[in-house]
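Thanks for asking me to look this one over. My notes follow as numbered points, so please keep the viewer open as you read.

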Amino acid sequence: MLEQGIKIGKMELANRLVMAPLCLDKSDRGRVSDALLTHYDERTREGCVGLAVIEHCFVREDGRFSKNQLSIARDEDVAGFRKLADTIHKNGCKTIVQISHAGGAVLQGMYDGDAISPSGIANPIWKKQRGELAPSRAMTKEDIREIIECFVKAALRVKAAGFDGVMIHSAHGYLLNQFYSPLTNKRTDDYSGSTLEGRTLLTRQIIRAVRMVVGEDFPLVLRFGGCDYAAGGSLIGDAVRAALMYQEAGIDAIDMSGGLCFFTREGRNDPGYFSDLSGPVKQEVSIPVILAGGVKTREDAEKLLADGKADLISVGRALAADPGWARKIWSQDR
């Protein structure tokens, strides 16, 4: 099944293998660097990847997660991204950019001003080895309006750079995922952490606002941290209902991953370790579902597809470690 083509919105993919948006920290103070161009070039040659997702790029300076994270926050960033899109396209692959705001996951010392979050509450299951988090303040309604506009402008920059679509990052404990999790959202207004409608509202507003400006033909994908796998956090049942809400708001595909637990699960490293989340979502939505986590071989990917856990399989660490990994798994067929 992995070699079969599939469509995400109007975008046709040659196969169902996705290069996951793994944060590389190889930018030049936020700009696309030669090291990044080389990294993506080596891993997409010969059209071996159906879709390459560019790592999360911050939409505003106060949402920068790490020193060398890519920026899509400025108009001058577009030129570098155009080089990146051209590099991947010449290899015969489709490519989209993941856009993000870290919110209350901003590391200490990363930004001089106030960090922002839904309720001024830090991720309670954050692993300290990732760094100490900066204190954050609860967002006002004006803050929320500004953040929506930042995502819209970032999506327009992605389109102007010649990419095939855009991915909104609402996973791994970053800002939109902080609104989704009851552990970090204690608001009592329209974005209330006590209702699924409130917890999903900001992400749905961003989806609709981005769709309005990029048009119906530009694929819009959501990376969704559907479950925190922690007491008091978001649940798999929540994710199924939320995914249907996001589909109604206008996404063309959904990439299932972890919530406040980041992209790992305690005590789990088996292939597709988020498949207990992606499987139920796939049963309910009518758009393609992407799954990442622990896939190391083609056999891993094929089994997850055959078992109905997802429509596409995303691979991060295996591709990062071996630039030729994707070409090798096709070698028998080609």
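This is a predicted model: local features need pLDDT of at least 70, side-chain atom pairs count only at pLDDT 80 or more; totals for chains, interfaces and linings use all residues.

1. F65, W126, Y174, F262 and F263 are joined into a cluster by ring pairs. Across the whole structure, the search for aromatic pairs returns 11.

2. Two arginines are worth a look for their placement over rings. R130 has its charged end over the ring of W126, at 5.8 Å from the centre of that ring, and W126 is itself a member of the aromatic cluster. R199 lies over the face of Y180, and here the distance to the ring centre is 4.7 Å.

3. Next, strand 12, which covers residues 312-315. Is it covered on one face or on both? Both faces are covered: L312 and S314 are buried on one side, and I313 and V315 are buried on the other.

4. Strand 12 also has pairing partners you can trace in the viewer. Strand 3 (residues 17-19) pairs with strand 12 in the parallel sense, over 3 bridges, and L17 has I313 as its bridge partner. Strand 11 (residues 289-292) is likewise parallel to strand 12, with 3 bridges, and A292 stands opposite S314.

5. A171 and C261 are 90 residues apart in sequence, yet their C-alpha atoms are 9.2 Å apart in space.

6. On to charges. Side chains of opposite charge can pair when their charged atoms come close. The search of the whole structure finds 28 salt bridges. One of them joins D75 and R157, with the closest N and O atoms 2.9 Å apart. D75 is in the loop between strand 4 (51-58) and helix 2 (78-89), while R157 is in helix 3 (residues 141-160), so this pair ties together parts that are 82 residues apart in sequence.

7. Another pair to check is D143 with R137, whose side chains meet in a salt bridge at 2.6 Å, N to O. D143 counts as buried because its relative accessible area is 8%, and R137, at 33% relative accessibility, counts as partly exposed.

8. How far apart are the closest N and O atoms in the salt bridge of D255 with R223? The distance is 3.2 Å. D255 sits in strand 10 (residues 253-258) and R223 in strand 9 (residues 220-227), so the pair ties together parts that are 32 residues apart in sequence. Are these two residues buried or exposed? Both D255 and R223 are buried.

9. Salt bridges also form a network here, one that links E3, R298 and E302. I would display these three side chains together.

10. Finally, a point about the surface. L156, M212 and V213 make up a nonpolar patch, and together they have about 300 Å² of accessible area. M212 belongs to helix 5 (residues 196-214). Why does M212 count as exposed? Its relative accessibility is 71%, and the cut-off for exposed is over 50%.

Note on methods:
Residues are numbered from 1 along each chain as its sequence is written. Side-chain values use heavy atoms; hydrogens and water are left out. Patches are made of residues with over 30% relative accessible area and no salt bridge: like charges are joined within 9 Å, nonpolar side chains (Val, Leu, Ile, Met, Phe, Trp, Tyr) within 5 Å. Accessible areas come from the Shrake-Rupley method with a 1.4 Å probe; for residues, only the protein chains shown count as cover. A salt bridge is a side-chain nitrogen of Lys or Arg within 4 Å of a carboxyl oxygen of Asp or Glu. Helices (H or I, at least four residues) and strands (E, at least two) are DSSP runs, numbered from the N terminus. Buried means under 20% relative accessible area, exposed over 50%, partly exposed in between (1.4 Å probe, protein chains only). Rings of Phe, Tyr and Trp (its six-membered ring) pair if their centres lie within 6.5 Å; planes under 30 degrees apart count as stacked, over 60 as edge-to-face and the rest as tilted. A charge sits over a ring if NZ of Lys or CZ of Arg is within 6 Å of the ring centre and within 35 degrees of the ring normal. Two strands pair if DSSP finds at least two bridges between them.
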